[in-house]
Amino acid sequence: MKNQYSRTPGLLQNDLYAAVMACDAMVKSERSSGSSFFSYLNSEFSSDAALGSNQDDDIIDFIEEDEESLQSKIELHPWKILIADDDSNVHDTTLLALSGVKIHGRPLEFVHAYSAKEAGTVISKNPDIALVLLDVVMETVDAGLKLVSVIRNEMGLTNLRIVLRTGQPGYAPEQQVSEAFAIDGYTTKSKLTRSLLISVLNDTLKIDSENSELPN
């Protein structure tokens with residue numbers, strides 16, 4: 001009677017039979033002793049699991065970095081400032097003086113109006129304006145003051161910062177204006193240096209930077 005392994009070419013029957021029996025014995029021995037073969041498989045599985053854990057950590061780190069990057073972008077969101085003045089030179093010199101300046105770590109963005117009427121329209125279309133640098137004398141000698149009343153009373157923008165700038169203080173004396181109108185600052189153009197302008201912005205926007213309910 002032929003052994004079942006005699007069909008395999010290239011091996012003697014007895015040798016093949018002995019090899020098969022040896023393999024069976026090794027498998028039984030490995031199983032009974034909790035041996036290296038299964039330990040190897042277990043270690044491979046553990047290694048893969050650990051690798052997966054590291055990959056998850058990498059993903060979490062990546063998400064955290066994205067959140068930090070987003071937070072940085074939010075913190076650098078610019079202050080939007082309206083320059084309202086009928087003199088184009090005032091617009092130009094203001095931009096020149098504040099070029100590259102940051103207030104409380106945030107850059108500045110400017111919008112422009114050349115009359116009180118235009119300024120009112122710009123404000124209504126830009127609710128994120130944080131501060132208005134407002135000329136007093138434009139269409140009329142008190143156009144800026146009338147706009148203050150419109151902003152506070154008709155528009156109801158009590159938190160919008162307003163700094164009056166006038167080239168003719170006789171039409172709007174500081175003490176009288178400060179008492180009668182809800183403004184946040186007052187300067188005369190003849191005395192307004194670059195450093196003073198930056199100081200005014202720092203002081204005026206400080207409240208905004210500490211109060212999330214205020215504009216911007």
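A pocket is an open set of grid points with protein on both sides within 12 Å along at least five of seven lines. The exercises below apply this idea, and then a second one, to a predicted model.

**Exercise 1.** Find the volume of the largest pocket, and work out which helix gives the most to its lining.

*Solution.* Begin with the size: the largest pocket has a volume of about 160 Å³. Next, list the residues that line this pocket, which are V90, T93, T94, A97, R165, K189, L192, T193, R194 and L197. Then turn to the helices, where α3 (88-97) and α7 (194-210) each supply at least two residues of the lining, and α3 gives the most, with four residues.

**Exercise 2.** Decide how helix α4 is oriented relative to helix α5, and describe which residues meet where the two helices touch.

*Solution.* First, take the axes of α4 (residues 116-125) and α5 (residues 143-154), which come within 9 Å and cross at roughly 25 degrees. Because angles under 35 degrees count as roughly parallel, α4 is roughly parallel to α5. The crossing in which α4 passes α5 is right-handed. Now look at the contact itself, where A116, A119, G120 and I123 in α4 meet A143, L147 and I151 in α5. Sorted by class, the residues of this contact are six nonpolar, one polar and no charged.

Definitions and conventions: Residues numbered from 1 in each chain as written. Predicted model: local features only at pLDDT ≥ 70, side-chain atom pairs only at ≥ 80, totals over all residues. Heavy atoms only, no water. 1 Å grid on protein atoms, 1.4 Å probe; cavity = no way out; pocket = protein on both sides within 12 Å on 5 of 7 lines; lining within 4 Å. Points joined across faces, edges and corners; volume = space filled by probe spheres on them. Axes fitted to C-alpha atoms, helices over the stretch in contact; angles between N-to-C directions. Parallel < 35°, antiparallel > 145°, perpendicular 65-115°, else oblique. Left-handed = near helix turned anticlockwise from the far one by under 90°. Contact = heavy atoms within 4.5 Å. Nonpolar A, V, L, I, M, F, W, Y, C, P; charged D, E, K, R; others polar.
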